[in-house]
Amino acid sequence: MAQYHIWTVGCQMNKADSDRLGSALEDLGYEFTNDAEQADMVILNSCVVRQGAEDKVAARLNSLQGWKRNNPNNTLTLMGCMVGPKTDELEKQFAHVDFFLRPQEFMPLVEFASERQGVPCSTDLDLLPPTQPQVSAYVPVIHGCDDFCTYCIVPYRRGRERSRSIQDLVRESEMLSRRGVKEITLLGQIVDRYGHDLEEDTDLADLLNAINSVENIHRVRFLTSHPRDMSQRIIDAVAHLEKACEWINLPFQSGDNAILNAMRRPYRIEDYLSLVERIRDAIPDVALSTDVIVGFCGETEEQFENTIAVLEKIRFDTVFVAAYSTRTGTIADRKFQDDIPVKEKLRRKKIIEELQERIATEKNAPLLGERVEILVEKKQKEKWMGRTRTNKLVFFDDSRDWTGKLVEVDVTHTGPWSLQGNLPDTTSISDTIDGIIEYSHFKDDTHQSKNEIPLKTIT
Ligand code: SAM
Ligand code: SF4
C-alpha cells in the first residue's frame, strides 16, 4: 500500500490543514506512516511566523535529500506559510522538492496522487474532515487575515478573510461527532470576525449557537480572538451556551500604546483592560490566555515594563511569549529597525516566562483538593490526560479506557502547567451516558447552575 508522511510545525490552522490533506490522501488509498523514510510521499507543512520555525523546516527539508536521491520516484512536498506567491527562490534552494503548495492549496498534490493511484479525487477538501479524528478536533471556520499587523507575515501567506458557511460547519461537526469527536475548536486567525464577509447576517455567536445543538459534541472552543472583534454577543454566547467552554485566547501583544500603534494593533491598552473586565463580569469562572511579543522595534525598558504591568494586573492563566523576529516583506521589516539585541529580547522573554510561572502556580493552587470535570483525550506517558472546560491539563492514573469520556477528578497536585488527580472511588464507566457521568453533586456547583440555564437562542 502507498504510504504518506506529513510533518507539521506552527499553529493549529496548520494542524487542521494537515489533517484535511491526510484525509484526502487516505481517500485515495494512501496509508499514514510515522516514518518519513518508509513513505512514498512526504509533506512538510511549514510555518514562517518566526525565524526559528523557518529554520526548523529548512533543516528538515535538507535532511530528506538522501531519501529523495535514493528514491527519485518518491514525492516531496513543501506546503504552508513558507510558500509565497513566487517560488523561484525556494526552487533554487530546495531543488529536491517536487511540489510547492501555498496554505490550503493542496489540489495539485491531490490530483497527482489521484492519477498515481488511478482513483478519482474529491474536489472539495473543506468537506473532508480527518479520517482518524481524535476526541478533540480543529475546525477552520475563517481562513486568511485582512489585518496587517506590522510584524506579521500571515496575511501575505494566507490571503484574504473567507468564512465558511454555518451549514457547512454544522455538517462537518455532525460528521466529526459520528466519528467519535467530543470537542470542537473553531479556528481562525481572527476567529471573532467569523461571518462578516458572508451574505447572511451572521457571526461567531450564531455559529457557537449552531454547534451547541450538534448531538454528542460536549464542548466547543474557539481561537484566536482579536480584542477589536470580541463583541458582547460573543461574550454572552460563551456565558450562556451549555457547551461553550469558559476559555478565551485574547492576544494583547504589548502593554504599551506607542508600541501597539507601531504594531498596527487597533486598540489602546485601556480598551483591552476594560474588555477583560466585561468578559470577567459576564463569565466569572473564565480562563484567559494571551500572546505577547517582546523586543519589538524600538521597545524601551519602560515600554517593556508596561507589558509586565498588564500581565500582573490581569493574571492570565496562560501566556505565549515570543521574542520579536523580523519577517521579510512585513511593514515593520520595511519601515523600522530591528534594534533590540537578541540577548536583550531573550532576557525580556525569560522575565515574562518566570512571572507567568509564578502567576500560573498561584492561580492553580486553590484547585488542590477540588473536584474538576475533564474530557479525557488520550493516554500520555502512562497517564490519562484530559482538560477542564478552562483548558487546564489534568493527568490521572487508571487501568480502564477513558478515551472520550467526561469524568470528574479529585485534584491531588497542582503546578503551573498541569494538575494531577485521582478518580473518586465510586467512578465507573457504567456511570456514563455516552461518556457523560451524572454526578448528583453537580447540583451545588457552578457547572450545574450553568447547565440549568435553558439554551438561549442568541438573536
Ligand atoms: N491572529 C492572532 C492575533 O491577532 O494575535 C495571532 C496569530 S499569529 C500567527 C500568532 C502569534 O505569533 C501572534 O499572536 C504573535 O504573538 C506571534 N508573532 C507573529 N508574528 C511575529 C513575529 N514577527 N515575531 C514574533 N512573534 C510573532
Ligand atoms: Fe497576524 Fe495581526 Fe492577522 Fe493576527 S491579526 S494573523 S497577528 S496580521
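At 27% relative accessibility, R315 counts as partly exposed; here buried means under 20% relative accessible area, exposed over 50%, and partly exposed in between, with a 1.4 Å probe and protein chains only. Welcome to a predicted model, in which local features need pLDDT of at least 70 and side-chain atom pairs count only at pLDDT 80 or more, while totals for chains, interfaces and linings use all residues. Residues are numbered from 1 along each chain as its sequence is written, chains are lettered from A and ligands numbered from 1 in the order in which they are written, and side-chain values use heavy atoms, with hydrogens and water left out.

**The whole chain**

- The protein chain has 15 helices and 19 strands; helices (H or I, at least four residues) and strands (E, at least two) are DSSP runs, numbered from the N terminus.
- Its radius of gyration is 23 Å, close to the 23 Å that the globule rule gives for 459 residues, so the chain is as compact as a globular protein of that length. The radius is taken over C-alpha atoms, and the rule is 2.2 Å times the number of residues to the power 0.38.
- Along the principal axes, the C-alpha atoms fill a box of roughly 65 × 55 × 45 Å.
- Of the 459 residues, 55% are buried.
- Among contacts (heavy atoms within 4.5 Å) between residues at least 6 apart in sequence, 73% join residues at least 24 apart.
- The chain exposes about 20600 Å², with carbon and sulfur atoms supplying 48% of that area. Accessible areas come from the Shrake-Rupley method with a 1.4 Å probe, and for residues only the protein chains shown count as cover.

- Five strands form an open, parallel sheet in the order 2-1-3-4-5; two strands pair if DSSP finds at least two bridges between them.
- Strand 2 (31-32) and strand 5 (99-101) are its edge strands, each pairing on one side only.
- Strand 3 (residues 41-46) and strand 4 (residues 75-80) run parallel and are joined by six bridges. Within this pair, V42 has L76 of strand 4 as its bridge partner.
- Helix 1 packs on this sheet, where it touches strand 1 (3-8), strand 2, strand 3 and strand 4, and its direction makes about 175 degrees with that of strand 1. For such angles, axes are lines fitted to C-alpha atoms, for helices over the stretch in contact, and values run from 0 to 180 degrees between N-to-C directions.

- Four strands form an open sheet in the order 7-6-8-9, with mixed pairing.
- Its edge strands are strand 7 (162-163) and strand 9, and each pairs on one side only.
- Six bridges link strand 6 with strand 8, which run parallel; Y138 stands opposite T185 in strand 8.
- Helix 1 packs on this sheet too, touching strand 6, strand 8 and strand 9. Here the direction of helix 1 makes about 105 degrees with that of strand 6.
- Strand 8 and strand 9 also run parallel, joined by five bridges, and L186 stands opposite F222 in strand 9.
- Five of the five residues of strand 9 (residues 219-223) are buried, so the strand is largely enclosed by the rest of the structure. R219, R221 and L223 point one way from strand 9, and V220 and F222 the other way.

- S165 sits in the loop between strand 7 and helix 7 and is partly exposed, with a relative accessible area of 22%.
- Leaving aside neighbours within four places in sequence, S165 is in contact with Y194 and L198. The C-alpha atoms of S165 and L198 are separated by 7.5 Å, though the two are 33 residues apart along the chain.
- Helix 7 (residues 166-178) has 13 residues and reaches 18 Å from first C-alpha to last, close to the 18 Å expected; the expected span is 1.5 Å times one less than the number of residues.
- Helix 7 lies across strand 6 and strand 8, running at about 170 degrees to strand 6.
- G180 follows helix 7, with a positive phi near 100 degrees.

**Backbone spots to check**

- The peptide bond from L223 to T224 is cis, with omega near 5 degrees; T224 lies in the loop between strand 9 and helix 9 (232-240).
- Q253, a residue other than glycine, has a positive phi near 70 degrees. Q253 lies in the loop between strand 10 (247-249) and helix 10 (257-263) and counts as buried at 7% relative accessibility.
- R315, also a residue other than glycine, has a positive phi near 55 degrees. Its place is in the loop between helix 12 (301-314) and strand 12 (318-323).
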